[in-house]
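Have a look at the model first, and then we'll walk through a few spots one by one.

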Amino acid sequence: MNALAIDPAELDAYDAWVEQHLDEMVQQHPGKVIGVYNGRLIAVGDDYRDVFAAAAKQGIKQKPFTLRVPMADEVNAVFPSVFPTND
Amino acid sequence: MGGASVVFRYKPMLGRRSPTATLGLSLNESWHSTDFYVDSGATYSILHGDFARAAGFEFARGERLLIKVGDGSLIPVYMHRVPMQIGPYRIDVRMGFSDNLGIGFHLLGRLDVFDRFRVCFHEPAHIVTFDPFETR
């Protein structure tokens with residue numbers, strides 16, 4: 001198995017943050033990209049570049065966890081499965 | 001590979017629960033953590049192009065494919081093989097990059113993932129489990 005690059009506990013912590021806060025984010029920041037670092041929401045931007053830049057401006061050297069917050073109509077839609085065209 | 005299972009809880013959104021998973025992904029020799037919607041109906045995993053561009057990854061040099069999405073339309077994707085981390089496990093996966101996915105989440109499909117893990121959706125418990133197994 002290859003060497004790891006991210007502490008699995010860190011991935012767990014971000015997953016738990018999403019579970020706790022996603023509903024709130026969908027209501028407050030639909031369609032935006034959010035950045036989370038050390039359990040704290042550090043940036044809300046229009047795109048990922050905004051969020052990475054905000055993290056760097058705050059002196060955060062690691063890449064923050066990022067997520068584009070779903071819009072309400074996405075939540076209620078059927079998510080699109082993707083298939084090869086030759087199926 | 002073999003080892004302990006990795007469990008992700010469904011995430012509540014506006015009264016629904018969705019099977020998403022926080023995973024690691026290496027682009028341009030830098031590791032990122034981000035959320036994927038686990039889609040057992042999808043052949044390919046798809047990452048949003050703006051995420052890749054922000055990470056400095058020039059995805060458009062990859063092989064271009066047209067793939068069909070759930071509403072029957074075709075979208076262009078650019079294929080690359082990238083390192084991914086699921087819990088403590090690191091694998092290489094073929095990943096499509098697209099600006100036309102139409103939803104906010106990145107998608108985690110079956111290719112190069114479901115042949116390394118038994119992926120079990122337990123709807124009553126609101127969890128999705130990745131159980132690694134040995135491959136020949």
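Which residue in the turn of the hairpin formed by β7(B) and β8(B) has a positive phi? That's G72(B), with a phi of about 95°. Keep in mind that you're looking at a predicted model.

**The hairpin in chain B**
- Strand β7 of chain B covers residues 63-69, and strand β8 of chain B covers residues 74-86.
- The two run antiparallel to each other and pair over 6 bridges.
- Between β7(B) and β8(B) sit 4 residues.

**A buried serine**
- S45(B) belongs to strand β6 of chain B, which takes in residues 45-48.
- With a relative accessible area of 0%, S45(B) is buried, because the cut-off for that is under 20%.
- Leaving aside residues up to four places away in sequence, S45(B) touches R94(B), M95(B), G96(B), L107(B), L108(B) and G109(B).
- G109(B) also has its backbone nitrogen 2.9 Å from a polar side-chain atom of S45(B).

**A salt bridge between chains**
- Searching the whole structure turns up 7 salt bridges over all chains.
- One of them pairs R9(B) with E19(A), with 2.9 Å between the closest N and O atoms.
- R9(B) is in strand β1 of chain B (residues 6-9) and E19(A) is in helix α1 of chain A (residues 8-28), so this pair joins two chains.
- R9(B) is partly exposed, at 39% relative accessible area.
- E19(A) is partly exposed as well, at 23%.

**Salt bridges within a chain**
- In chain A, D46(A) and K32(A) form a salt bridge, their closest N and O atoms being 2.5 Å apart.
- That pair links distant parts of the chain, 14 residues apart: D46(A) is in the loop between β2 and α2 of chain A, while K32(A) is in the loop between α1 and β1.
- K32(A) is partly exposed, with a relative accessible area of 31%.
- In chain B, the side chains of D99(B) and R53(B) meet in a salt bridge at 2.7 Å, N to O.
- Here 46 residues separate the partners: D99(B) is in the loop between β9 and β10 of chain B, and R53(B) is in helix α1 of chain B (residues 49-54).
- D99(B) is partly exposed at 45% relative accessible area, and R53(B) counts as partly exposed at 35%.

Terms used
Residues are numbered from 1 along each chain as its sequence is written. Chains are lettered from A and ligands numbered from 1 in the order in which they are written. This is a predicted model: local features need pLDDT of at least 70, side-chain atom pairs count only at pLDDT 80 or more; totals for chains, interfaces and linings use all residues. Side-chain values use heavy atoms; hydrogens and water are left out. Buried means under 20% relative accessible area, exposed over 50%, partly exposed in between (1.4 Å probe, protein chains only). A polar contact is a pair of N or O atoms within 3.5 Å; within protein, one must be able to donate a hydrogen and the other to accept it, and residues adjacent in sequence count only if both atoms are side-chain atoms. Contact means heavy atoms within 4.5 Å. Two strands pair if DSSP finds at least two bridges between them. A salt bridge is a side-chain nitrogen of Lys or Arg within 4 Å of a carboxyl oxygen of Asp or Glu.
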